[in-house]
Amino acid sequence: MNEHLSHDTPGSADPAPRLFPAGRIALVTGASRGLGRAVAHRLRAGGCHVYLNYATDDAAAAEAVEAAADLPGSTTAVKGDIRSAEFLAGLLDRIRDEHGQLDILVHNAAAMHPMLPVAPEVGTLFDEIALALNPLLHGAGTIAKLMPEGGRIIAVSGNGAFEVIPHYLATGVAKAALENLVRYLAVDLAPFGITVNAVSTHLLDKGEHTSNKAIAGLLASRTPNGRLTRPEDVADVIALLCAPEAAWIQGQVVVADGGLGLRA
């Protein structure tokens, strides 16, 4: 059985601008920590009820729900493998039963398994591709019926989709495929009033959990703003794409990297 945690607490103060109507229903995959958690919190701050999907770490999910307790909106954490067509179908059915619709889907779940093209772990590589593509491939038909006009689908990508990064083969190939799927879905879902876009970023500043501190420092120095992108920076861009005024942005990859990509 899938386990879930619920915490519904209306907040007295809104710590972030509300860009979209309160009460929208959102699903964020890979949301118990890091960027996914920041996105879940940002959408809840905007008044959404957020389904916070995670794969394994119950403690991190519970902490993520508790940390959002003072925000407007509400959160339900749902444990399960988002690659699974059966799990996804059950989750979407649950959302329909509980709320009647899904307004926002942010697909953030990802894994990173270092490998080289000359020595790939092929099974692991295809697992990463499945994690990137399966939720949108398996869910597109149901989501098109579940989302009202004005619905938003946003996939999280990264610069490894178009740059060659050492040991980043599996994730880079998976993200490149995800960006292409975004374009195809954007065309097919546009007649339903649903936008499909991706937000791409670079290495994130995750505080003490930031990987490769030496490279992080170098990239921070090359970023025009003088620091690495933080999860909250990307979450704000995703929130912007959820605003009604973003309805004409369709099938795009929006880069949120503080201008790092402008430096040769």
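Helices (H or I, at least four residues) and strands (E, at least two) are DSSP runs, numbered from the N terminus. The model is a predicted one, in which local features need pLDDT of at least 70 and side-chain atom pairs count only at pLDDT 80 or more, while totals for chains, interfaces and linings use all residues. Residues are numbered from 1 along each chain as its sequence is written, and side-chain values use heavy atoms, with hydrogens and water left out.

Of the 264 residues of the protein chain, 49% count as buried. Here buried means under 20% relative accessible area, exposed means over 50%, and partly exposed lies in between, with a 1.4 Å probe and protein chains only. Among contacts in the protein chain with a separation of 6 or more, 78% are between residues 24 or more positions apart; contact means heavy atoms within 4.5 Å.

**Helix α1**

Select residues 34-45, which form helix α1. The 12 residues of α1 reach 17 Å from the first C-alpha to the last, close to the 16 Å expected at 1.5 Å a residue. The expected span of a helix is 1.5 Å times one less than its number of residues. Helix α1 is mostly covered, with 10 of its 12 residues buried; among them are Leu 35, Val 39, His 41, Arg 42 and Arg 44. Just after α1, Gly 47 takes a positive phi of about 95 degrees.

**Strands β3 and β4**

Next, display residues 49-54 (β3) together with β4; the two strands run parallel and are joined by 6 bridges. Two strands pair if DSSP finds at least two bridges between them. To locate one of these bridges, select His 49, whose partner in β4 is Ser 74. Between the two strands the chain passes through helix α2 (residues 58-67), and this β-α-β crossover is right-handed. A crossover is right-handed if, with the strands pointing away from the viewer, the path from the first strand over the helix to the second runs clockwise. Strand β4 itself (residues 74-79) is mostly covered, 5 of its 6 residues being buried.

**Helix α3**

Move to residues 85-99, helix α3, whose 15 residues reach 21 Å from the first C-alpha to the last, close to the expected 21 Å. Which residues of α3 are buried? They are Phe 87, Leu 88, Leu 91, Leu 92, Arg 94 and Ile 95. These residues lie on the same side of α3 because they cover an arc of only 155 degrees around the axis; the arc is that of the directions from the helix axis to the C-beta atoms. On the other side of α3, Glu 86 and Asp 97 are exposed.

At the start of α3, a side-chain oxygen of Ser 84 comes to within 3.3 Å of the backbone nitrogen of Glu 86. Just after the helix, Gly 100 has a positive phi of about 85 degrees.

**Pro 114 and His 167**

Select Pro 114, in the loop between β5 (104-107) and α4 (122-146). Leaving out residues up to four places away in sequence, Pro 114 touches Glu 121 and His 167. The C-alpha atoms of Pro 114 and Tyr 168 are separated by 5.7 Å, although the two residues are 54 residues apart along the chain.

Now centre on His 167, which lies in the loop between β6 (152-158) and α5 (169-189). With a relative accessible area of 41%, His 167 is partly exposed. Phi of His 167 is near 70 degrees, a positive value in a residue other than glycine. Most residues other than glycine have a negative phi.

**Thr 195**

Thr 195 is found in strand β7 (residues 195-201) and counts as buried, at 4% relative accessibility. Beyond its neighbours within four places in sequence, Thr 195 has contacts including Gly 151, Ile 153, Ala 246 and Ile 249.

**Asp 257 and Gly 258**

Finish in the segment after β8, where Asp 257 is placed. At 11% relative accessibility Asp 257 counts as buried, whereas Gly 258, at 34%, counts as partly exposed. The side chain of Asp 257 reaches the backbone nitrogen of Gly 259 at 2.9 Å, and a polar atom of that side chain lies 2.8 Å from the backbone nitrogen of Gly 261. A polar contact is a pair of N or O atoms within 3.5 Å; within protein, one must be able to donate a hydrogen and the other to accept it, and residues adjacent in sequence count only if both atoms are side-chain atoms.

Apart from residues up to four places away in sequence, Asp 257 touches His 202, Thr 223 and Thr 229, and Gly 258 touches Thr 223, Pro 224, Asn 225 and Thr 229.
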